[in-house]
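My entries follow in the order in which I worked.

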Amino acid sequence: MNPSIHVADVNKSFALGKVKVEALKSISVDVARGELFGLIGPDGAGKTTLFRILTTLMLADSGEATVDGLDVVRDHKEIRKRVGYMPGRFSLYPDLTVAENLSFFATLFSTSLKENYDLVKSIYQQIEPFEKRKAGALSGGMKQKLALSCALIHRPTVLFLDEPTTGVDAVSRKEFWYLLRELQQAGITIMVSTPYMDEAGLCDRVALMQEGRIMEINSPRQVTKNFKKALWSVRASDMYKLMMDLRALDQVETCYPFGQEHHVVFKGDIRDAEQARAIVSTIEASHLQMNQIEATIEDCFMELMRQ
C-alpha cells in the first residue's frame, strides 16, 4: 500500500543575510495511512519547514514529496482540499466568535458544521458552551480545540499539527492527545510535531530531528531499546555541584540533568553496581543516591546528538 505521506531526499535552505541556513538536509520519511506519526525535536530542528512543504505553503529546494499520492508541487490545489493544518501559532480570527470562526472555515470548503458534526463532535462539545465568545478571549486549551475543529471541518484525510500542545497546561495536553487517538480511529493520518519528549511515547512511530536532519525513525519502544549503554540515575542534596563534579570525573562519559536527578553513562559501559558506586563515592556529596535505570526517549535523543 502506498504511504499517506512520502518524503524523499528533501532539502531546504534560507538566506539569513549573507549566511545560508540549511533548514532541511536530505529528509526522507514515509508515513502509513492511518498512522499517528511524531516529529520530535527542539525549536530550529526543521519541523515547521517540513510541514509547510507538505501542506504546499512552501517549495523545497530539491527532493520530492507526496500527500495521499499527490505531488506537493503539481497537485497543490487538490492537496489543500484533502489536508487539515494547524500551525504552531494560533492563527484563527481573534475578533470572530467560536461559532463565526467555524462557520467561516466551513464556508471556505463548501461544507458546514452540521455536515461533519460526527467527526468533530467530541471536540466541539467542549467549546460549544463558549460559541458566542470571541476566539481571542479563549484559554490556551480552548483555542487549540477550536483550531483543531477548524482544521477538521472539511473532513481531511491527512492532518498536520505543528506543536499543538505548546503553552498548554498538562491536563489540556492529555485531553488533546486523547482526541488525536479518536481521530486516528476515524481513519485520519496524523503527523504531529512536538518539542516535548514525553509526548513521543504517544505516537505509533517518531522521527527524532535535530538541525534539519532526521537522526532516527522508529517506534518509541524501539528507540529506547536501541539505547545499548548502562544508564544510571544519581541524586544528592546539592544537584548542581553533583553535576559539575560528575562531569569532572575521567570515568564519566556523559552526565545530563533530568528533573530531580542526573542521568549518567560511564566510560567502558559499566554495569556493575559496586563498580559504579565506587566511582561516584569519590565525590563529596550528602544524601547520595544511585540506581540503574531504563533509558527514556530524551536519553536516546541526547545520545544520538553526540554521534
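Over how many bridges do β11 and β14 pair, and in which sense? I looked up the pair and found five bridges in the antiparallel sense, with β11 covering residues 231–235. I note here that the model is predicted.

**Entry on the sheet**

I next placed this pair in its sheet. The sheet is open and has four strands in the order β12-β13-β11-β14, with antiparallel pairing. I recorded β12 (252–258) and β14 (289–293) as the edge strands, since each of them pairs on one side only. From one strand to the next, the twist averages 25°.

L231 stands opposite I293 in β14.

**Entry on the helices across the sheet**

Which strands does each of the helices α9 and α10 lie across? I found that α9, residues 273–280, lies across β11, β13 (261–266) and β14. Its direction is at about 140° to β14. For α10, residues 297–306, I noted β11, β12 and β13 as the strands it lies across. Helix α10 runs at about 135° to β12.

**Entry on the largest pocket**

I then turned to the pockets. I read a volume of about 420 Å³ for the largest pocket. Its lining holds 21 residues, and those nearest the centre are G84, Y85, P87, F105 and F109.

Which element gives the most to this lining? I found β6, with four residues. The elements that each supply at least two residues include β6 (83–86), α3 (98–108) and α5 (140–152). By class, I listed the lining as 15 nonpolar, four polar and two charged residues.

**Entry on the second largest pocket**

For the second largest pocket I noted a volume of about 280 Å³. I counted 16 residues in its lining, with A23, G44, A45, G46 and T49 nearest the centre. Two or more residues come from each of β2 (19–31) and α1 (47–54). Helix α1 gives the most, with four residues.

How do the residues of this lining divide into nonpolar, polar and charged? I recorded five nonpolar, five polar and six charged.

Terms used: Residues numbered from 1 in each chain as written. Predicted model: local features only at pLDDT ≥ 70, side-chain atom pairs only at ≥ 80, totals over all residues. Heavy atoms only, no water. Pairing = 2+ DSSP bridges. Axes fitted to C-alpha atoms, helices over the stretch in contact; angles between N-to-C directions. Contact = heavy atoms within 4.5 Å. 1 Å grid on protein atoms, 1.4 Å probe; cavity = no way out; pocket = protein on both sides within 12 Å on 5 of 7 lines; lining within 4 Å. Points joined across faces, edges and corners; volume = space filled by probe spheres on them. Nonpolar A, V, L, I, M, F, W, Y, C, P; charged D, E, K, R; others polar.
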